[in-house]
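This report walks through selected residues and contacts of one protein chain. Please keep the sequence and the three-dimensional view at hand while reading.

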Amino acid sequence: MAVTKRPLQVLVAETQGQIGYMIESTLDEELMKLELTEEKLFLTVLTYVKVDAEDPAFMNPTKPIGPAYSVPKPGYVKTAKGYRRVVPSPKPKKIYQWREIKKLMELGSWIVIACGGGGIPVIKEKHRLYGVEAVIDKDLASSKLGEQVEADILLIATDVEKVAINYGTPDQRNLDRLSVPDAKKYLEEGYFPVGSMGPKIQAVINFLEAGGERAIITSIDKIIGALKGEAGTEIYMES
């Protein structure tokens, strides 16, 4: 049976729903254990993310997506996992549903799940929004949302407890704290690769420079400790 190829932006929308389902199911289970199902409510918001039609990323696709193949295919590039399709990854300019998300947050009882998969990339043309074939970096999208809803803290969960320079080498040095100027310097010098820590570092820089109070990068199991200042890497503005 032939399967109709669906536009990438539609697949991103589906991904948002899938991620929302998994997070809501997990939260529901944990809240039931704590007997907090009446006090805490949660909702997944399908989020459109504005991108610029002139973003250079559309002329230089770099984001690997989908399955990896052992042999070359047209339009695919070789990655560490094999040959994969690459698509544009434009910078997020605006989260369209930020007002709805902020209103839910202000009610106090809502846990809002948004920007799954980086959000649905759209371009505005007069009175119309239309989706484009691209994938937005989820960390940059989260940073933009945090900026728009005026969040106090941006915490990015990843696979490692702390940010490190010379990662994976005998000279690896884990960082407890990292100033924005040093973060920019290390980013420019290539210590934080585009395919791993780079977007996370850029996301926290953007958030702090837009007025955010705290930015933290840590592993999922260290989130509580990181919020207490006992784990993770805290990125800060120099006074």
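This is a predicted model: local features need pLDDT of at least 70, side-chain atom pairs count only at pLDDT 80 or more; totals for chains, interfaces and linings use all residues.

With a relative accessibility of 0%, A215 counts as buried, because buried means under 20% relative accessible area.

When residues up to four places away in sequence are not counted, A215 touches L154, V204, F207, L208, T233, E234 and I235.

The chain is divided into domain 1, made of residues 1-55 and 90-150, and domain 2, made of residues 152-238. Taken over C-alpha atoms, the centres of domain 1 and domain 2 are 23 Å apart, and eight residues of domain 1 are in contact with 10 residues of domain 2.

Between them, domain 1 and domain 2 bury about 670 Å², and 61% of this area is on carbon and sulfur atoms. On the side of domain 1, the residues that lose the most area to domain 2 are D139, L140 and S143, which together account for 61% of what that side buries.

## Helix 3 against helix 5

How are two packed helices described? In general, the description uses the angle between their axes together with the distance between the axes. For helix 3 (residues 138-148) and helix 5 (residues 198-209), the axes come within 8 Å and cross at roughly 10°. Helix 3 and helix 5 are therefore roughly parallel to each other, because angles under 35 degrees count as roughly parallel.

Helix 3 contributes D139, L140, S143, G146 and E147 to this contact, while helix 5 contributes P199, K200, Q202, A203, N206 and F207. By residue class, the contact of helix 3 with helix 5 divides into four nonpolar, four polar and three charged residues. D139, L140 and S143 of this set are also the residues of domain 1 that lose the most area to domain 2, and F207 is also among the residues that A215 touches.

Leaving aside neighbours within four places in sequence, K144 is in contact with P92, K93, K94 and I95. K144 and N206 are 62 residues apart in sequence, and their C-alpha atoms are 7.8 Å apart in space.

K138 also lies in helix 3, but at 47% relative accessibility K138 counts as partly exposed. From K138 to V49 the separation is 89 residues in sequence and 11 Å in space, C-alpha to C-alpha.

## Positive phi in two loops

Which residues have a positive phi of about 55° although they are not glycines? K126 has such a value, and K126 is found in the loop between strand 8 (120-125) and strand 9 (128-131). K126 is exposed, with a relative accessible area of 75%.

N166, which is likewise not a glycine, has a positive phi of about 55° as well, and N166 is found in the loop between strand 11 (163-165) and strand 12 (173-175). At 30% relative accessibility, N166 counts as partly exposed.

## A position in helix 1

T15 has its place in helix 1, which covers residues 8-33, and at 29% relative accessibility T15 counts as partly exposed. Along the chain T15 and N60 are 45 residues apart, and a distance of 24 Å separates their C-alpha atoms.

Terms used
Residues are numbered from 1 along each chain as its sequence is written. Side-chain values use heavy atoms; hydrogens and water are left out. Helices (H or I, at least four residues) and strands (E, at least two) are DSSP runs, numbered from the N terminus. Buried means under 20% relative accessible area, exposed over 50%, partly exposed in between (1.4 Å probe, protein chains only). Axes are lines fitted to C-alpha atoms, for helices over the stretch in contact, and angles run from 0 to 180 degrees between N-to-C directions. Angles under 35 degrees count as roughly parallel, over 145 as roughly antiparallel, 65 to 115 as roughly perpendicular and the rest as oblique. Contact means heavy atoms within 4.5 Å. Ala, Val, Leu, Ile, Met, Phe, Trp, Tyr, Cys and Pro count as nonpolar, Asp, Glu, Lys and Arg as charged, and the others, Gly among them, as polar. Domain bounds come from an automatic or database domain assignment. Buried area is the accessible area (1.4 Å probe) that two parts lose on being put together, summed over both.
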